[in-house]
Amino acid sequence: MMGLMASEETRTMTPPTGRSAAAHDAGKPGGAATRAWTMRLLVLGIVLSALNLRPAITSLGALLEEVRDGLGMSGSVAGLLTSVPPLCFAVFGVMAPRLARRFGAGAVVCAGMAAIATGLLVRPYAGGTAGFLAGSALALMGIAVSNVLMPVIVKHWFPDRVGSMTGLYSMALALGTALAAAVTVPLTDTLGGSWQTGLALWAGLAVAAVLPWLPFVRGRATPPGAGEEAAGETQTPGPVSPSASAEHARVEAPRLRMTRSRTAWALAVFFGLQATAAYITMGWMAQIFRDAGVPAGTAGLLLAVTMVMGVPLAFVIPRLATRLPHQGPIVLALGVCGLAGYAGLYLAPAAGAWAWAVLLGVANCAFPLALTMVGMRARTGQGVARLSAFAQSTGYLISIPGPLLVGVLYQHSGGWGLPIALMSALMIPQMVVGFLAGRDRTVEDEAAR
């Protein structure tokens, strides 16, 4: 990205974080009150943003059959549609650190929420499959950049509370996911039965998430002298501190090459495989239950149960993970739950539907665990920014074929046996690489150059 002019270098500051920030503000008139207000607004922004990171996907999963009928989609095209989220996350997520350096992380997240609102409002009425995909891509672009920047913002502004803040963020994300799955079908019926209305109404939640970020759009880009990768240390998601030294901003941090780090690769593959399972679940699980004879409304509730399991566990698991020297045992426990859930879907999808929904919901909590490990596998803001972009972008690239392949197998086999076998098979390498990613190592030790 294009750097700022040298004359701006003296105005680019490093924001205070953690206890040093509190000490810094304590000596200024109104400083403590200003910081308290800023932190509360930032927490509100993080929570509202997290609520918006999955309704675009799970609301579609709940109405996938209606959307397919309305747009004339085949099973293969529907599989392509369920593969669009990881594709967009991979393509646009990698841009997030550069955009944050140029415009500020707060401004990028604010723009991301606006993109989500616009995409959700436009896609049901765009006309045809191509227009629906384009509107979805716009919303997913906003989700992608926010996905990457949330761990960076948490690490930067809450360095002593990474576990609890990641848990809060993940809990809100799971709540938004479950809410969209649970209420989209009944709200659609209440509003006249139009799937277009049922999908478009989620734009309102995204509009609400724009508002808390508006005061944070003043973040400045890192000056050229700070080095391209230093954004994680020098970039603020909100208003900059006028008392930080310009000399500190000029210090260039060691450059990191994530491709040299085995830990980064293990985390990226783990992220990709858990994302594969998650997007197959969000896109197809309701359809599995409906094909087994479960009514559409109940199938949506079952998907909501799967998603809502992440609300309490997304808060507990990150806190537990930060207290363990090795997160591998948590990875293995989640994987066993996933294998049990898939076995149930194959053997008795309708009879034990609620139990399988709960087990798969527990397995899906690999996502907050992955986010927590991103914060734990790097020592610095720079490392977290680089690792978050690498793990998420690479991971989402890995996850692209999964939902598409499930759609193809479903259409050509005429049942769910082969797709469920695929899901089960992918859980094994997920457990292996997750165990490796959980080792007590940092990318700075492996990727510095």
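**View 1. Lining of the largest cavity in the predicted model.** In this predicted model, the largest cavity is lined by 20 residues, and those that lie nearest its centre are Leu173, Thr177, Met307, Asn364 and Phe367. Two or more lining residues come from each of helix 9 (162-190), helix 14, helix 15 (296-308), helix 16 (310-322) and helix 19 (366-376). Helix 14 gives the largest share of this lining, with five residues. Sorted by class, the residues around the largest cavity comprise twelve nonpolar, seven polar and one charged. The volume of the largest cavity is about 230 Å³, and the count for the structure comes to seven cavities of 30 Å³ or more.

**View 2. Lining of the second largest cavity.** The second largest cavity has a volume of about 130 Å³, and of the 13 residues that line it, Ala56, Ile57, Leu60, Leu81 and Pro85 are the closest to its centre. At least two residues of this lining are supplied by each of helix 3 (55-62), helix 5 (75-93), helix 8 (128-157) and helix 14. By class, eight of the lining residues of the second largest cavity are nonpolar, four are polar and one is charged.

**View 3. An aromatic cluster that includes Phe271 and Tyr396.** Nine aromatic pairs are found in a search of the whole structure. In the pair formed by Phe271 and Tyr396, the ring centres lie 5.2 Å apart and the planes stand at 85 degrees, and the pair is therefore edge-to-face. Because Phe271 belongs to helix 14 (residues 262-291) and Tyr396 to helix 20 (residues 381-399), the pair ties together parts that are 125 residues apart in sequence. Phe271 counts as buried because its relative accessibility is 0%, and Tyr396, at 2% relative accessibility, also counts as buried. Together with Tyr279 and Phe367, these two residues form one aromatic cluster.

**View 4. Arg102 and the ring of Phe103.** The charged end of Arg102 sits over the ring of Phe103, at 5.1 Å from the centre of that ring.

**View 5. Salt bridge between Glu66 and Arg290.** Two salt bridges are found in a search of the whole structure. In one of them, the side chains of Glu66 and Arg290 meet with an N to O distance of 3.4 Å. Glu66 lies in helix 4 (residues 64-71) and Arg290 in helix 14, so the pair ties together parts that are 224 residues apart in sequence. Glu66 counts as partly exposed, at 28% relative accessibility, whereas Arg290, at 17%, counts as buried because the cut-off for buried is under 20% relative accessible area.

**View 6. Salt bridge between Arg379 and Asp445.** The closest N and O atoms of Arg379 and Asp445 are 3.0 Å apart in this salt bridge. Because Arg379 lies in the loop between helix 19 and helix 20, and Asp445 in helix 23 (residues 443-447), the pair ties together parts that are 66 residues apart in sequence. Arg379 is partly exposed, with a relative accessible area of 48%, whereas Asp445 counts as exposed at 60% relative accessibility.

Notes:
Residues are numbered from 1 along each chain as its sequence is written. This is a predicted model: local features need pLDDT of at least 70, side-chain atom pairs count only at pLDDT 80 or more; totals for chains, interfaces and linings use all residues. Side-chain values use heavy atoms; hydrogens and water are left out. Rings of Phe, Tyr and Trp (its six-membered ring) pair if their centres lie within 6.5 Å; planes under 30 degrees apart count as stacked, over 60 as edge-to-face and the rest as tilted. Helices (H or I, at least four residues) and strands (E, at least two) are DSSP runs, numbered from the N terminus. Buried means under 20% relative accessible area, exposed over 50%, partly exposed in between (1.4 Å probe, protein chains only). A charge sits over a ring if NZ of Lys or CZ of Arg is within 6 Å of the ring centre and within 35 degrees of the ring normal. On a 1 Å grid over the protein atoms alone, a cavity is a set of points where a 1.4 Å probe fits but cannot get out, and a pocket is an open set with protein on both sides within 12 Å along at least five of seven lines; lining residues have an atom within 4 Å of a point. Grid points are joined across faces, edges and corners, and a volume is the space filled by probe spheres set on the points. Ala, Val, Leu, Ile, Met, Phe, Trp, Tyr, Cys and Pro count as nonpolar, Asp, Glu, Lys and Arg as charged, and the others, Gly among them, as polar. A salt bridge is a side-chain nitrogen of Lys or Arg within 4 Å of a carboxyl oxygen of Asp or Glu.
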